[in-house]
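Subject: Structure handover

Hello,

Here is the structure for you to look at. Please open it first, then read my notes below.

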Amino acid sequence: MTQASDGGLGSARAVYPGTFDPFTPGHFDLVDRSRRMFEHVTVLVAVNDGKRPSQTTAARATEIQRLLPAEWENVSVAAWHGLTVDYCRHHGFGVIVRGVRNSTDCHREFELAAMNEALGVTTLFLPTRPELAAMSSTAVRALRL
């Protein structure tokens, strides 16, 4: 592994995928923590056939880009229609970053991580900060209604 320029962990490039409907303070925190570990992080706004987002993938990507501080120069946002591991392979990303709030998240994410690892992409799990763990996109959407 290479060392990231700011002393963080290192495969130089990581992707943080999700539907981000909406982009919550927990998501923001994970991007912030990830950008300190890697030379570059792409927030990958993805399609999940099991979900019905309130906005298009492109609209969510635009909104996230607007929310990120301009000084986070090592963070980009992209929209993607396909498997995250395919994005990683096509764009040279060696690590997928995933946040886990609880044991249910961990179990589901571990199954995906094993599949991605078999395809050559490692998953790094970051535990959600306790003060943000109760906040999910589903809960935020419910509060908006």
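Predicted model: local features only at pLDDT ≥ 70, side-chain atom pairs only at ≥ 80, totals over all residues.

Residues are numbered from 1 along each chain as its sequence is written, and side-chain values use heavy atoms, with hydrogens and water left out.

**Helix H4**

H4 covers residues 103–118. Helices are DSSP runs (H or I, at least four residues), strands are DSSP runs too (E, at least two), and both are numbered from the N terminus. H4 has 16 residues and reaches 23 Å from its first C-alpha to its last. That is close to the 22 Å expected at 1.5 Å a residue. The expected span is 1.5 Å times one less than the number of residues.

At the start of H4, a side-chain oxygen of Asn 102 comes to within 3.1 Å of the backbone nitrogen of Thr 104. Asp 105, Glu 109, Ala 113 and Asn 116 are the buried residues of H4. Buried means under 20% relative accessible area, exposed means over 50%, and partly exposed lies in between (1.4 Å probe, protein chains only). The cover over these H4 residues includes helix H3 (84–91), strand E4 (95–100) and strand E5 (122–127).

**The whole chain**

The chain has five helices and five strands. Along the sequence they follow the pattern β-α-β-α-β-α-β-α-β-α. Of the 145 residues, 45% count as buried. Now take the contacts (heavy atoms within 4.5 Å). Among those between residues at least 6 apart in sequence, 77% join residues at least 24 apart.

**Helix H1**

H1 spans residues 25–37. H1 has 13 residues and reaches 19 Å from first C-alpha to last, close to the expected 18 Å. H1 is mostly covered, with 10 of its 13 residues buried. Among them are Gly 26, Leu 30 and Val 31.

Is His 27 buried or exposed? His 27 counts as buried because its relative accessibility is 15%. A polar atom of the His 27 side chain lies 2.9 Å from the backbone nitrogen of Thr 24.

Met 37 also lies in H1. Met 37 counts as buried, at 15% relative accessibility. Met 37 and Ala 12 are 25 residues apart in sequence, and their C-alpha atoms are 8.6 Å apart in space.

**Aromatic rings**

How many aromatic pairs does the structure hold? There are five. Rings of Phe, Tyr and Trp (its six-membered ring) pair if their centres lie within 6.5 Å; planes under 30 degrees apart count as stacked, over 60 as edge-to-face and the rest as tilted. The ring centres of Phe 28 and Trp 72 are 4.9 Å apart and the planes are at 40°, so this pair is tilted. Phe 28 is in H1, and Trp 72 is in the loop between helix H2 (57–67) and strand E3 (75–80), so the pair ties together parts 44 residues apart in sequence. Phe 28 is partly exposed, at 29% relative accessibility. Trp 72 is buried, at 8%.

Ring pairs also link Tyr 16, Phe 20 and Phe 23 into a cluster. Finally, the charged end of Arg 13 sits over the ring of Phe 93, 4.1 Å from its centre. The cut-offs here are NZ of Lys or CZ of Arg within 6 Å of the ring centre and within 35 degrees of the ring normal.

Best wishes

Key
Polar contact = N/O pair within 3.5 Å; in protein donor to acceptor, adjacent residues only side chain to side chain.
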